[in-house]
Amino acid sequence: MLGHIKSKENTDNDTMNPSVLITAAGSIVAQGIIKSLKLANQVGKPVKYRIIATDMSLQAAGLYRCDKGILVPPSSSPDYIDAIIKIVKEEDIQAIYIGSDQELLAIGNAAECIERETEAKVLSNPLEIIYIARDKWKTFEFLKANKVPCALSSLPEDSDKFIHNIGFPVVVKPREGYGSLHFYITNNLEEMNYAISRIRKVGWNPILQEYLEGDDVEFTSGVTVDRLGKYVMSSISIQKIVKNGQTYKAYIDDFKRIRSSSEETALKLGARGAINIQAKLQEEEPKIFEINPRFSATAPMRSVAGINEPDIVFRNNVLGEEIKIEHYERLICMRYWNEVYVNRSTYENTLKAGKIDGINSFIQNYF
């Protein structure tokens, strides 16, 4: 059974055609948002999205799969926010989706300015939530203070006490990192110290974390919270098999205990909109080890199952719909590689113009 939406329906018979902006169109997160909004366009809902994509790279596939693609400076550039504001005004954008972790803070810090100077809504969690969730030590402190079962963690300066209490193996990873980049499972002091030094060498700060057993009991849960932070609009849990830091096989089911823990955590944190919570089952108890304050790369899987988070968050934040989804389909998902092809002249013209209109690419249906 597909998710049933109880909402304050639009009384206008005409389909709404809002323009939305999705940043970092080359990323797996942004492409998941694009897929979800395109799926929403196909199923006869009262909203049909016009999708504008941005990226700093000419080789971002999403630029060529949307209604318009526009090149922008990197998010670290002092010109980045001005470029975003200019696009929002020129394209009459109603909402901005953030497609990469690097841009969360850049756009988050400028959200008030963007919303003040334009009519667009930044569909992101409050800045204080982003700061907590993007810092794994602050995340641990929050979970511990709120008595939420989680992976025990320590800073390197307290490693002796930590190792004495839990022993090896120990996970070492960056406090501010994401995905599997500089993720280490260490089995002794020498390995642990090497991992700490490697993370510091690239300019990040390491954190030690309890190793949670069982790759087959890892879950990613998506929760959407209404714009006022009062109630959970939807939640969906996926048991995942990970390869190179990304979910490549997934089991979508009810997983009531995992969902309940994730919903409770999202509300305690004060989330608004979409948030993604990672956990493992340890002796039938969910233990959270990471929180991502954004849409997930598994968003299209969730959308096919009946929980279209990008659509839900837009309709709640921009249209004011009160949404509550209670059910979704039980599915098994197997990911595979695919390709986007662009004519050489299209590619070169995009380089010259800095933008592209329409879907100027193709995907071969050979699988």
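Modeller: Two strands pair if DSSP finds at least two bridges between them. Strands are DSSP runs of E with at least two residues, helices are runs of H or I with at least four, and both are numbered from the N terminus. This is a predicted model, in which local features need pLDDT of at least 70, side-chain atom pairs count only at pLDDT 80 or more, and totals for chains, interfaces and linings use all residues. Residues are numbered from 1 along each chain as its sequence is written, and side-chain values use heavy atoms, with hydrogens and water left out.

Biologist: How do you know that strand S11 and strand S14 pair?

Modeller: S11 (residues 218–225) and S14 (residues 273–282) share eight bridges in the antiparallel sense, and the rule asks for at least two, so they count as paired. Thr 220, for instance, stands opposite Gln 278 in S14.

Biologist: What makes S15 and S17 the edge strands?

Modeller: The open sheet has six strands with antiparallel pairing, in the order S15-S14-S11-S12-S13-S17. S15 (285–292) and S17 each pair on one side only. From one strand to the next, the twist averages 30 degrees.

Biologist: In the open sheet of four strands, which strands stand at the edges?

Modeller: That sheet has the order S7-S10-S8-S9, again with antiparallel pairing. S7 (153–154) and S9 (184–186) each have a single partner strand, so one side of each lacks a neighbour in the sheet. S8 and S9 have three bridges, in the antiparallel sense, and at least two are required, so this pair passes as well. Val 171 stands opposite Ile 185 in S9.

Biologist: Why are helices H2 and H3 called oblique to each other?

Modeller: Axes are lines fitted to C-alpha atoms, for helices over the stretch in contact, and the angle between N-to-C directions runs from 0 to 180 degrees. Under 35 degrees counts as roughly parallel, over 145 as roughly antiparallel, 65 to 115 as roughly perpendicular, and the rest as oblique. H2 (residues 80–90) and H3 (residues 101–117) pack at about 50 degrees, with their axes 10 Å apart. That angle falls in the remainder, and the pair is therefore oblique.

Biologist: What makes H3 and H4 roughly antiparallel to each other?

Modeller: Their angle is about 150 degrees, with the axes 10 Å apart; H4 covers residues 127–134. The limit is over 145, so the pair is roughly antiparallel. This crossing is left-handed.

Biologist: How many cavities are there by your rule?

Modeller: On a 1 Å grid over the protein atoms alone, a cavity is a set of points where a 1.4 Å probe fits but cannot get out; a pocket is an open set with protein on both sides within 12 Å along at least five of seven lines, and lining residues have an atom within 4 Å of a point. Points are joined across faces, edges and corners, and the volume is the space filled by probe spheres set on them. The count is two cavities of 30 Å³ or more.

Biologist: How large is the largest pocket, and which residues are closest to its centre?

Modeller: The largest pocket holds about 1,400 Å³ of space. Gln 31, Lys 35, Arg 335, Tyr 336 and Asn 338 are closest to its centre, among 35 lining residues. H1 supplies the largest share, eight residues.

Conventions
A crossing is left-handed if the near helix is turned anticlockwise from the far one by less than a right angle, and right-handed if clockwise.
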